[in-house]
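Hi everyone, thanks for coming. Let me put the structure up on the screen, and then I'll walk you through a few parts of it.

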Amino acid sequence: AAEGLAEFIASTELPQSLALKERRDAALAFIRENGDVNAVFDLTYEQITTLKQRDVHRGLGLLMTEFMIRERPQRYIHWVTAVKSGQDWQPALKEEYGVSRSALVDVFTRYYKVND
């Protein structure tokens with residue numbers, strides 16, 4: 001989530017960035033090739049070792065952040081605030097954003113299979 005927010009901010013400030021476009025494209029390809037989004041979201045920083053994984057990880061973070069902000073902007077703010085205040089991110093996602101991780105990832109994945 002933190003990396004996704006950083007990528008989102010960078011994309012709004014640098015909309016022509018080739019690096020951001022490449023990461024976004026890598027994430028879209030990963031989703032459309034039925035990659036395991038949950039598995040990527042579960043990776044630790046130490047487990048992300050290849051450039052391709054790094055691009056997918058960052059791109060998925062960017063896409064998820066865009067998706068969450070677009071769908072529920074106020075609830076996204078409440079969720080981030082709760083996590084920054086020390087709440088565990090998954091219960092806070094359900095309580096503050098209003099959806100479980102599994103439901104969010106499911107809708108997110110279905111959306112990006114056909115949308116850019």
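**A walk around helix α7**

Let's begin with α7, where R101, L104, V105, F108, T109 and Y112 are buried, meaning under 20% relative accessible area, while exposed means over 50% and partly exposed is in between (1.4 Å probe, protein chains only). Seen down the axis of α7, these buried residues fall within an arc of 125 degrees, so they line one face of the helix; the arc is that of the directions from the helix axis to the C-beta atoms. On the other side of α7, S102, R110 and V114 are exposed.

Before I go on, a word on the model: it is predicted, so local features need pLDDT of at least 70 and side-chain atom pairs count only at pLDDT 80 or more, while totals for chains, interfaces and linings use all residues. Residues are numbered from 1 along each chain as its sequence is written, and side-chain values use heavy atoms, with hydrogens and water left out. Helices (H or I, at least four residues) and strands (E, at least two) are DSSP runs, numbered from the N terminus.

Now stay on α7 and find K113. K113 is partly exposed, at 31% relative accessibility. Which residues does K113 touch, leaving out those up to four places away in sequence? They are I31, R32 and N34, where contact means heavy atoms within 4.5 Å. The side chains of K113 and N34 also make a polar contact at 2.3 Å; that term means a pair of N or O atoms within 3.5 Å, where, within protein, one must be able to donate a hydrogen and the other to accept it, and residues adjacent in sequence count only if both atoms are side-chain atoms. Along the chain, K113 and E33 are 80 residues apart, yet their C-alpha atoms are separated by 8.8 Å.

N34 is exposed, with a relative accessible area of 61%. N34 also has a positive phi of about 65 degrees, although it is not a glycine. Most residues other than glycine have a negative phi.

Last stop: E7, in helix α1 (residues 2–13). Is E7 buried or exposed? E7 is buried, at a relative accessible area of 9%. Its side chain makes a polar contact with the side chain of R23, at 2.9 Å. Not counting residues up to four places away in sequence, E7 touches L20, R23, R58 and L62.
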